[in-house]
Amino acid sequence: MNINQLIEKIKSIVLEKLEFKAFYIGNTWDNAAGKGDKYPCAWMEFPVMIDYKSQGKHSKQLSFSMDFLTLPKLDDTQDEIDKISDIEEYVDQFLQYLKKDIDFSLVDLPVGISIKSFNADNACGIRLDLKVNTGRFCLDPICYTNTTC
Amino acid sequence: MANVITYDVTKELLNEILEATKILMLEYKGLQRSDLVNSLEWKYEDNQFVLIANDYFQYVDTGRKPRARKVPIEALIKWIKRKNIVPSNGQSINNLAYAIQTAIFRTGIVAKPYTQRIIGVTIDLLSEELATQLSVLIADEISKELTFTLGKN
């Protein structure tokens, strides 16, 4: 699986199976407010780190982060906590779909952290770090099965 | 009526002060790779010398007491990403940000009290430079006055 295929899989889970209205790529805090972002939304942060080495010759490991965001009422802490909790549940579902839908194993427990005022829209939610193992691209499978290349 | 003597603050002078400020700040451990030093800029506006720097300039100067309000985790995440810091094995960026936040909360941040030193160095440089400039201007004025008086006679 390459990065493009990974993006497509994640996008389909976020938009088709969960109640997110938008999926974006990049760092949310680098984008100005008021550009028509829809909430709740999910951002896939870049860069994606690809570890070709540590997983041995049959697989590689992709590390990336996701931001699941929604808009709380301004200066309303309780609403912020409620919204973060809602997003927390969406992330639970997201991880289950990811595990079920995609043919790779999640490794190194996904770690989430609650965030608030994360971008110019003052969105809150959960930031999730993920590491996944996936198969390697190889025209000649013998290469990765019988040698150490 | 006496003439008003004016002097110009040249770009070279501002650059000289900037260099002195940077050298002074680079003496502090941890600032060598910081964006703070690169953000420095001296300006001369409305008869005042103004130092422009990133907004956390004052916080680095004063440090942070232990058990003070926690640093926002969001700011730490952005900082880790901007600096391309790769967490050690078994850690994620979220883990690292949380660990840094907790560490700062427990131990605080040691102050780097550079502001007073910058003011001192700047005043020294400016007094020297302005004294030189003024002496030249005063000498010019005196010689003009003398020429004028001699011409009259």
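Helices α1 (residues 3-17) and α2 (residues 77-101) of chain A are oblique to each other in this predicted model, as they pack at an angle of about 130 degrees with their axes 10 Å apart. Angles under 35 degrees count as roughly parallel, over 145 as roughly antiparallel, 65 to 115 as roughly perpendicular and the rest as oblique. The crossing of α1(A) and α2(A) is right-handed (the near helix is turned clockwise from the far one by less than a right angle). Contact, defined by heavy atoms within 4.5 Å, involves A:Lys9, A:Ile10, A:Ile13, A:Val14 and A:Lys17 on α1(A), and A:Phe94, A:Tyr97, A:Leu98 and A:Asp101 on α2(A). This contact comprises 6 nonpolar, no polar and 3 charged residues (Ala, Val, Leu, Ile, Met, Phe, Trp, Tyr, Cys and Pro count as nonpolar, Asp, Glu, Lys and Arg as charged, and the others, Gly among them, as polar).

In chain B, helix α4 (residues 73-82) packs against helix α5 (residues 93-107) at an angle of about 120 degrees, the axes lying 9 Å apart. The arrangement of α4(B) and α5(B) is therefore oblique, and their crossing is right-handed. From α4(B), B:Ile73, B:Leu76, B:Ile77, B:Trp79, B:Ile80 and B:Lys81 meet B:Ile93, B:Asn94, B:Leu96, B:Ala97, B:Tyr98, B:Ile100 and B:Gln101 of α5(B). By class, 10 nonpolar, 2 polar and 1 charged residues form the contact.

Residues are numbered from 1 along each chain as its sequence is written, and chains are lettered from A in the order in which they are written. Local features need pLDDT of at least 70, and side-chain atom pairs count only at pLDDT 80 or more, while side-chain values use heavy atoms, with hydrogens and water left out.

Methods:
Axes fitted to C-alpha atoms, helices over the stretch in contact; angles between N-to-C directions. Helix = DSSP H or I, 4+ residues; strand = E, 2+ residues; numbered from the N terminus.
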